[in-house]
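Student: Hi! I've got a model open and would like to talk it through with you. Could we start with how far to trust it?

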Amino acid sequence: MCFGVLSLSQLIHSFNMRSSHSLTEIGILGNKKLLFSALFCIFLQCSVMTLPTLQNIFHTTTLSAMQWGMVIVLSLLPIPLVELEKHLCRGKRND
């Protein structure tokens, strides 16, 4: 689970770090290359965590639905946290 959260959260966090503006302002589809590369990396990451051959190579195990849910929630956590930070920093710049 840690392996999944660490790698997936960094992929998702890359969308936050594109700009100092909010994701709601710039949109997630603004950079097609980033979107396609992130989707490809997410596919590879999920393959490593679900396909038996790759599980043997990378020493991962099959996750339950609850564990996958936790991985997804924790991987998405950087989005609201960074959005909050952007909002707070924008307020300080306007003062």
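Tutor: Happy to. This is a predicted model, and pLDDT is the predictor's confidence in each residue, on a scale from 0 to 100. The protein chain averages a pLDDT of 87, and 95% of the residues score at least 70.

Student: Where is confidence lowest, and where is it highest?

Tutor: Helix 2, residues 23–26, has the lowest confidence in the protein chain, with a mean of 76. Helix 5 has the highest, at 94.

Student: Okay, on to the inside. Which residues make up the largest nonpolar core?

Tutor: That core has 7 residues: Val5, Leu8, Leu11, Met49, Leu63, Trp68 and Val71.

Student: Now the end of helix 1. Is Asn16 buried or exposed?

Tutor: Asn16 is found in helix 1, which covers residues 2–16. Asn16 counts as buried because its relative accessible area is 0%, and the cut-off for buried is under 20%.

Student: And what is Asn16 in contact with, beyond its neighbours within four places in sequence?

Tutor: Leaving those aside, Asn16 is in contact with Leu23, Pro78, Ile79, Val82, Glu83 and Lys86.

Student: Let me pick Ile79 from that list. Where does Ile79 lie, and how many residues apart in sequence are Ile79 and Asn16?

Tutor: Ile79 lies in helix 6. Ile79 and Asn16 are 63 residues apart in sequence, yet their C-alpha atoms are 6.5 Å apart in space. Ile79 is in contact with Ile12 and Leu23 as well as Asn16, leaving aside neighbours within four places in sequence. At 24% relative accessibility, Ile79 counts as partly exposed.

Student: I also spotted Lys86 and Glu83 on the Asn16 list. What do Lys86 and Glu83 form with each other?

Tutor: They form a salt bridge, with the closest N and O atoms 3.8 Å apart. The count for the model comes to 1 salt bridge. Lys86 is buried, and Glu83 is buried too.

Student: Why are Lys86 and Glu83 separated by about one helical turn?

Tutor: Because they are 3 residues apart in helix 6, which runs over residues 78–94.

Student: Changing topic: the surface. Which residues make the nonpolar surface patch?

Tutor: Met1, Met66, Met70, Leu74, Leu77 and Leu81 make a nonpolar surface patch of about 580 Å². Helix 5, residues 65–76, provides the largest share, with 3 residues.

Student: Let's zoom in on Leu74. Where does it lie, and what is its relative accessibility?

Tutor: Leu74 lies in helix 5. Its relative accessibility is 40%, so Leu74 counts as partly exposed.

Student: While we're in helix 5, what about Gly69?

Tutor: Gly69 is found in helix 5, and at 29% relative accessibility Gly69 counts as partly exposed. Gly69 and Phe58 are 11 residues apart in sequence, with their C-alpha atoms 21 Å apart in space.

Student: And Val48, is that one buried or exposed?

Tutor: Val48, in helix 3 (residues 32–50), is buried, with a relative accessible area of 11%. Not counting residues up to four places away in sequence, Val48 touches Phe3, Leu54, Gln55, Phe58 and Thr60. Val48 and Thr61 are 13 residues apart in sequence and 9.3 Å apart in space, C-alpha to C-alpha.

Student: Last one. What is the phi of His59?

Tutor: His59 has a positive phi of about 60°, although His59 is not a glycine. His59 lies in the loop between helix 4 (52–58) and helix 5.

Student: Is His59 buried or exposed?

Tutor: His59 counts as exposed because its relative accessibility is 72%, and the cut-off for exposed is over 50%.

Key:
Residues numbered from 1 in each chain as written. Predicted model: local features only at pLDDT ≥ 70, side-chain atom pairs only at ≥ 80, totals over all residues. Heavy atoms only, no water. Helix = DSSP H or I, 4+ residues; strand = E, 2+ residues; numbered from the N terminus. Buried < 20%, exposed > 50% of the residue type's maximum accessible area, 1.4 Å probe, protein only. Contact = heavy atoms within 4.5 Å. Patch = residues over 30% accessible without salt bridge, like charges linked within 9 Å, V, L, I, M, F, W, Y side chains within 5 Å. Areas by Shrake-Rupley, 256 points an atom, 1.4 Å probe, with all protein chains shown as cover. Salt bridge = Lys/Arg side-chain N within 4 Å of Asp/Glu carboxyl O. Core = buried A, V, L, I, M, F, W, Y, C linked by side-chain atoms within 4.5 Å.
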